Amino acid sequence: RYLREDGCMSDVLVEVLDNGLRVTQPGVTYSVNYVRNESSPMLEAHELLAIPDIDGQKASFLAAAWRAAYSKAKELGWI
C-alpha cells in the first residue's frame, strides 16, 4: 500500500524486483510490471493490459499502478 498525493491510502501493492517493479491489486487477476531503464531515469511498462479490452476498472488500476510505481521508483532513487 502507498500514500497517494491526496493523502488517502491506495490498495495497489508494489513489489520491488531485480530491475523493476510489479504492481498488483488484491482481488483482481491482472498486474503491470515496470522495468527500470538503465540508460535514462524512467520506467517502461511491460505486459501492459491490452487496450481493446480495457474497461473503467482496468483503467483506474493502470492510473493507480503508474502513480504507485513512480512514487516507489523515486523513493528508490531510480528516477
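1. K72 and E75 both sit in helix α1, residues 56–75. They are 3 residues apart, about one turn of the helix. Helices here are DSSP runs of H or I with at least four residues, strands are E runs of at least two, and both are numbered from the N terminus. The model is predicted: local features need pLDDT of at least 70, side-chain atom pairs count only at pLDDT 80 or more, and totals for chains, interfaces and linings use all residues. Residues are numbered from 1 along each chain as its sequence is written, and side-chain values use heavy atoms, leaving out hydrogens and water.

2. The side chains of K72 and E75 form a salt bridge, 3.0 Å from N to O. The term means a side-chain nitrogen of Lys or Arg within 4 Å of a carboxyl oxygen of Asp or Glu. K72 is partly exposed at 21% relative accessibility. E75 is exposed at 59%. The classes are buried under 20% relative accessible area, exposed over 50%, and partly exposed in between (1.4 Å probe, protein chains only).

3. The whole structure holds 2 salt bridges. One of them joins the side chains of E15 and R22, at 3.2 Å, N to O. E15 is partly exposed at 41% relative accessibility. R22 is partly exposed too, with 28% relative accessible area.

4. Now the strands. β4 (residues 20–24) runs antiparallel to β5 (residues 32–37), with 4 bridges between them. Pairing requires at least two DSSP bridges between two strands. L21 has Y34 in β5 as its bridge partner.

5. β5 also runs antiparallel to β6 (residues 42–46), through 5 bridges. R36 stands opposite L43 in β6. A hairpin of 4 residues links β5 to β6.
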